[in-house]
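How do the helices of this chain pack against one another? Here is a short walk through the contacts.

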Amino acid sequence: MPWYVNFASVAEAEEVKSGQKVGCLQLFEITHRKKDGSPMTSEDGEIMEKLKENKAEYEVIASSDSSVNLENIDNRITTEVLGLERYGRQYLPSGSQAQVEVQRLRDQIARMQANTVEQIAEVQRKYEKLRQQLRAEAAEKEVVAAAREAEARAMVAEQSKKYDDL
C-alpha cells in the first residue's frame with residue numbers, strides 16, 4: 001500500500017465494501033498485508049498474532065467477568081500491543097486515549113481483584129489446615145501429659161506402698 005494513502009480513506013473504503021465499521025485491528029491487517037494476503041513483514045505477522053491472542057484473552061475475560069467493557073476493545077488491544085503511537089501514526093481513530101487507558105486500568109484492577117480474592121481464599125484454607133494440625137498436636141500432647149501424670153501418680157503410690165510396708 002503506498003505510504004501516502006490516508007488510513008481514514010482506507011477504513012472508509014473497507015466499510016463501504018463490507019458494509020461494516022472497520023476497527024483498529026482490521027485496519028492494521030488491511031494496511032499491513034500484501035495483495036496475496038500475507039503479512040508485509042515478519043514483524044507485521046508477529047504483531048497480528050499478538051493482536052489476535054490479546055483479543056482472544058479479552059473475549060475469555062469478558063465472558064466470565066461482566067465488569068469488562070468490550071466497547072473500544074480493538075483500540076485497547078492495539079494500544080497494548082503497539083503502544084499509543086507507532087511510526088508517527090495514532091492508532092486510536094475513535095474514542096480518546098484517556099478513555100482507553102482508564103478502561104484498560106479498570107480491566108487490570110478487576111483481574112487483580114479476582115486474583116486477590118483467590119489468594120485470600122487460599123491463605124484461609126492453609127490457615128484452617130494449620131489450625132487443625134495445631135489442635136491435633138495439642139490434643140496429642142495433652143494425652144501424653146495425662147499418661148505421664150498417671151504414670152507418675154502410679155509410681156508415687158507404689159513408692160508410698162513400699163514405704164508403708166517398711
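This is a predicted model: local features need pLDDT of at least 70, side-chain atom pairs count only at pLDDT 80 or more; totals for chains, interfaces and linings use all residues.

Start with α3 and α4. Their axes come within 10 Å and cross at roughly 130 degrees. The two helices are therefore oblique to each other. Their crossing is right-handed. On the α3 side, the contact uses I47, K50, L51, N54, K55 and Y58. On the α4 side, it uses I73, D74, R76, I77, T78, E80, V81 and L82. By class, these residues are seven nonpolar, two polar and five charged.

Now turn to α2, residues 24-31, and its pairing with α3, residues 42-64. The axes come within 11 Å and cross at roughly 160 degrees. That makes α2 roughly antiparallel to α3. This crossing is left-handed. L25, F28 and E29 of α2 meet D44, I47, M48, L51, K52 and K55 of α3. Five of the contact residues are nonpolar, none is polar and four are charged.

What makes up the largest nonpolar core? It has nine residues: L25, F28, I47, M48, L51, Y58, I73, I77 and L82. Helices α2, α3 and α4 each give two or more residues to this core. The largest share, four residues, comes from α3. In soluble globular proteins, nonpolar side chains tend to be buried together.

Finish at L25. Leaving out residues up to four places away in sequence, L25 touches L51, K55, D74, I77 and T78.

Definitions and conventions
Residues are numbered from 1 along each chain as its sequence is written. Side-chain values use heavy atoms; hydrogens and water are left out. Axes are lines fitted to C-alpha atoms, for helices over the stretch in contact, and angles run from 0 to 180 degrees between N-to-C directions. Angles under 35 degrees count as roughly parallel, over 145 as roughly antiparallel, 65 to 115 as roughly perpendicular and the rest as oblique. A crossing is left-handed if the near helix is turned anticlockwise from the far one by less than a right angle, and right-handed if clockwise. Contact means heavy atoms within 4.5 Å. Ala, Val, Leu, Ile, Met, Phe, Trp, Tyr, Cys and Pro count as nonpolar, Asp, Glu, Lys and Arg as charged, and the others, Gly among them, as polar. A nonpolar core is a set of buried Ala, Val, Leu, Ile, Met, Phe, Trp, Tyr and Cys residues joined through side-chain atoms within 4.5 Å. Buried means under 20% relative accessible area, exposed over 50%, partly exposed in between (1.4 Å probe, protein chains only).
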